[in-house]
Amino acid sequence: MKKYKYYFAAFSAFFIWGFFSLALKPISSYPSLDILFYRVFFSVLTMTVINLVFRQKNIRKNWNDFSAMPSKKKRNIITLTLVGAMILASNWFIFIYVVNHVSVKAGSLAYLICPILTTVFAFFLLHEKLSKWQWLAVSISVVSCVLLSLNHFQDIFYSLIVAATYALYLVSQRKNSELDKFLVLNIQLLFIAFIILPFYPKYSGAIPTEPLFYTCLFCIVVFFTIVPLFLNLYALKGINSSTVGILMYINPIINFTLAIFYFREQVTLLQMFSYSLILISIIVFNKNIIFGKKHKSQVIAEGSKSI
C-alpha cells in the first residue's frame with residue numbers, strides 16, 4: 001500500500017501539468033522568456049518564504065543530517081542537486097527556444113519522446129529492470145511517437161534535445177533522495193535564479209502591469225511549478241524513473257483532450273489512433289499495479305528487504 005502514495009504523487013504531477021496551457025494561453029502575448037524569468041523568480045521567492053517561515057525545524061534537521069554524512073556522500077548530494085538544477089534550467093531554456101524558433105509541434109513531441117528516453121536512461125544508467133510487458137509498453141510508445149512525427153522529421157532532433165534534458169533530470173534526481181525534496185527543489189530553483197539573473201536586465205521586456213499577468217503567473221508558480229515539481233521529486237523516492245517516465249504520458253493526453261474539446265483544434269484520425277496507443281501503453285506498463293499483481297522480480301526484491 002505504501003507504493004500507492006508515490007504512484008498517486010506522480011499521477012497528480014503530470015495530471016496537473018496537463019492543464020498548463022489554461023494558464024499560459026491568456027498571457028500568450030507576453031514574451032516566453034519574460035514568463036520564464038518571472039516563473040523562476042516568483043517560485044524561488046515563494047518556496048524560500050515557506051521554508052524559512054514554516055519549515056525551520058525541517059531545515060535544521062536536514063542540515064544536521066547532511067553535516068553528519070561522510071564527505072563523499074556530501075559531494076554526491078551537492079553534485080546531484082546542482083547538476084539537476086543545471087539540467088532543469090537547460091530544459092526550460094531549450095523548450096522556450098524550440099517553441100519560439102522551431103515549432104510548437106516540436107515542443108509537444110518532446111513530451112511524447114521524454115517518457116521513452118527516461119525509461120531507456122533508467123535502464124542503462126540506473127540498471128532499473130523492466131518486465132517483458134513493460135518493454136512491450138515502451139515499444140508501443142515508440143510506435144505512437146513515430147506515427148505522430150510523420151511528415152515532421154525536422155522536429156525530431158529538437159524534440160529529442162528537450163526530451164533528453166528532462167529525462168536526465170528525472171534519472172539524476174532518482175539517486176538524489178537523501179534530503180527533503182521540497183528543500184532540494186528550493187535550492188535547485190535558487191541556483192537557476194542566480195544563473196539567469198544576469199540575463200534579466202538585457203533580455204527582459206517592460207515590467208508587466210496587467211493584473212491578468214500576475215493572476216496567471218500565480219497559477220503558473222504555485223500550481224504548475226512548485227506543486228507538480230515537488231510531487232514529481234517525491235514520487236521518485238518510492239517508484240523507479242521508468243514508471244515515472246511512462247506516467248508522464250498523462251500530460252500530453254490531457255493536452256490533446258483540451259486541444260479537441262476546449263480550444264477546438266482540428267485533429268486527424270492518425271493523431272487519435274496514436275494517442276490511443278499511448279493510453280494503452282500506460283495501462284500495459286502499469287498493469288501489475290492496476291490489476292494488483294506483482295512481477296516475480298518485485299516479489300523477490302521485497303522478500304530480500306524483509307530479511
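## Helix 7 against helix 14

Axes here are lines fitted to C-alpha atoms, for helices over the stretch in contact, and angles run from 0 to 180 degrees between N-to-C directions. With that in hand, we can start with a pair of helices in this predicted model. Helix 7 (residues 132-148) packs on helix 14 (residues 269-285) with the axes 8 Å apart and an angle of about 165 degrees between them. Angles over 145 degrees count as roughly antiparallel, so helix 7 is roughly antiparallel to helix 14. The crossing of these two helices is left-handed.

On the helix 7 side, the contact is made by Trp133, Gln134, Leu136, Ala137, Val138, Ile140, Ser141, Val143, Ser144, Leu147 and Leu148. Helix 14 contributes Leu270, Gln271, Phe273, Ser274, Tyr275, Leu277, Ile278, Ile280, Ser281, Val284 and Phe285. Sorted by class, the contact of helix 7 with helix 14 has 16 nonpolar and six polar residues, and no charged ones.

## The chain as a whole

Stepping back, the protein chain has 16 helices and zero strands. Of its 307 residues, 46% are buried. If you take the contacts between residues at least 6 apart in sequence, 87% of them join residues at least 24 apart.

From helix 13 the contact takes Ile250, Pro252, Ile253, Phe256 and Ile260, and from helix 14 it takes Gln271, Met272, Tyr275, Ile278, Leu279 and Ile282. The residues of this contact divide into 10 nonpolar, one polar and no charged.

Helix 13 itself has 12 residues and reaches 17 Å from its first C-alpha to its last, close to the 16 Å expected at 1.5 Å a residue. Nine of those 12 residues are buried, so helix 13 is largely enclosed by the rest of the structure. The buried set is Ile250, Asn251, Pro252, Ile253, Ile254, Phe256, Leu258, Ala259 and Ile260.

## Helix 3 and its meeting with helix 9

Helix 3 (residues 32-54) has 23 residues, and from first C-alpha to last it reaches 32 Å, close to the 33 Å expected at 1.5 Å a residue. Its buried residues are Asp34, Ile35, Leu36, Phe37, Tyr38, Arg39, Val40, Ser43, Val44, Met47 and Asn51. The axes of helix 3 and helix 9 (residues 181-196) come within 9 Å and cross at roughly 140 degrees. The two helices are therefore oblique to each other, and their crossing is left-handed.

In this contact, Phe37, Val40, Phe41, Ser43, Val44, Met47, Thr48, Ile50 and Asn51 of helix 3 meet Phe182, Leu183, Leu185, Asn186, Leu189, Leu190, Ile192, Ala193 and Ile196 of helix 9. By class, the contact of helix 3 with helix 9 has 14 nonpolar residues, four polar ones and no charged ones.

## Two buried residues to look at

Ile35 lies in helix 3 and, at 10% relative accessibility, counts as buried. Not counting residues up to four places away in sequence, Ile35 touches Leu24, Ile27, Tyr30, Phe213 and Ile220. Ile35 and Ile96 are 61 residues apart in sequence, and their C-alpha atoms are 9.9 Å apart in space.

Gly84 is found in helix 5 (residues 71-101). With a relative accessible area of 0%, Gly84 is buried. Leaving aside neighbours within four places in sequence, Gly84 is in contact with Thr79, Tyr169, Ser172, Gln173 and Gln188. One of these, Tyr169, is 85 residues from Gly84 along the chain, yet the two C-alpha atoms are separated by 5.5 Å.

## An exposed loop residue

To finish, have a look at His127, in the loop between helix 6 (104-125) and helix 7. Most residues other than glycine have a negative phi. The phi of His127, however, is near 60 degrees, a positive value in a residue other than glycine. His127 is exposed, with a relative accessible area of 56%.

Terms used. Residues are numbered from 1 along each chain as its sequence is written. This is a predicted model: local features need pLDDT of at least 70, side-chain atom pairs count only at pLDDT 80 or more; totals for chains, interfaces and linings use all residues. Side-chain values use heavy atoms; hydrogens and water are left out. Helices (H or I, at least four residues) and strands (E, at least two) are DSSP runs, numbered from the N terminus. Angles under 35 degrees count as roughly parallel, over 145 as roughly antiparallel, 65 to 115 as roughly perpendicular and the rest as oblique. A crossing is left-handed if the near helix is turned anticlockwise from the far one by less than a right angle, and right-handed if clockwise. Contact means heavy atoms within 4.5 Å. Ala, Val, Leu, Ile, Met, Phe, Trp, Tyr, Cys and Pro count as nonpolar, Asp, Glu, Lys and Arg as charged, and the others, Gly among them, as polar. The expected span of a helix is 1.5 Å times one less than its number of residues. Buried means under 20% relative accessible area, exposed over 50%, partly exposed in between (1.4 Å probe, protein chains only).
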